[in-house]
Amino acid sequence: LRVKQLEKRKPGLDWLKGWEDLYDWEEDHSGALIFLQNVHPNADVRAAAEACEQRWQDFQSTLGLDEKVYLGGKKSDLKDPIDRRTLQLALEAFEDSGVALPKDKQARARELFDKLASLGQDGIELSIFQ
């Protein structure tokens, strides 16, 4: 629902405000999930949190390849330097996810990011951006 709302936002400050709202929501919810997964004393709760983390990663991968959201940001023309920098960082995150690639390469990029997320859940820390 939140992503669909962002897809409908007008380019410019309206889009940027929607992006920031979505980002804040993601940060608020993912932190608690990661916390439970790593420190809860009950193994069943940790396992459930891990399953939720897998769904969360799928959401992240899907969002990173959402062309409607990306194009809303891409069409934005912002005057304020702080707003422009925030927009630039958002667009770079989309591009790092592969949204600007041809469709066949987007699928491969998603496979790679999903594999990285899976390895991260297994305790293997990797970064392709180092």
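A residue is called buried when its relative accessible area is under 20%, exposed when it is over 50%, and partly exposed in between, with a 1.4 Å probe and protein chains only. The model is predicted, so that local features need pLDDT of at least 70 and side-chain atom pairs count only at pLDDT 80 or more, while totals for chains, interfaces and linings use all residues. Residues are numbered from 1 along each chain as its sequence is written, and side-chain values use heavy atoms, with hydrogens and water left out.

The chain contains six helices and zero strands (DSSP runs numbered from the N terminus, with H or I of at least four residues for helices and E of at least two for strands), and along the sequence the pattern reads α-α-α-α-α-α. Taken along the principal axes, the C-alpha atoms fill a box of roughly 50 × 30 × 30 Å. Of the 130 residues in the chain, 31% are buried. The accessible surface comes to about 8700 Å², of which carbon and sulfur atoms hold 54%; such areas come from the Shrake-Rupley method with a 1.4 Å probe, and for residues only the protein chains shown count as cover. Among contacts (heavy atoms within 4.5 Å) between residues at least 6 apart in sequence, 61% join residues at least 24 apart.

In soluble globular proteins, nonpolar side chains tend to be buried together.

In helix 4, the buried residues are Val69, Tyr70, Gly72 and Gly73. Viewed down the axis of helix 4, these buried residues fall within an arc of 160 degrees, so they line one face of the helix, the arc being that of the directions from the helix axis to the C-beta atoms. Their cover includes helix 1, helix 2 and helix 5.

Which residue does Glu7 meet in a salt bridge? The partner is Lys4, at 3.6 Å from N to O, where a salt bridge is a side-chain nitrogen of Lys or Arg within 4 Å of a carboxyl oxygen of Asp or Glu. Because Glu7 and Lys4 are three residues apart in helix 1, about one helical turn separates them, and Glu7 counts as buried at 18% relative accessibility.

The structure holds nine salt bridges, among them one between Lys74 and Glu95, whose closest N and O atoms are 3.9 Å apart. Since Lys74 lies in helix 4 and Glu95 in helix 5, this pair ties together parts that are 21 residues apart in sequence. Lys74 is partly exposed at 47% relative accessibility, and Glu95 is partly exposed with a relative accessible area of 35%. The side chains of Lys79 and Asp77 also meet in a salt bridge, at 3.0 Å from N to O; Lys79 is exposed at 64%, and Asp77 is exposed at 58%.
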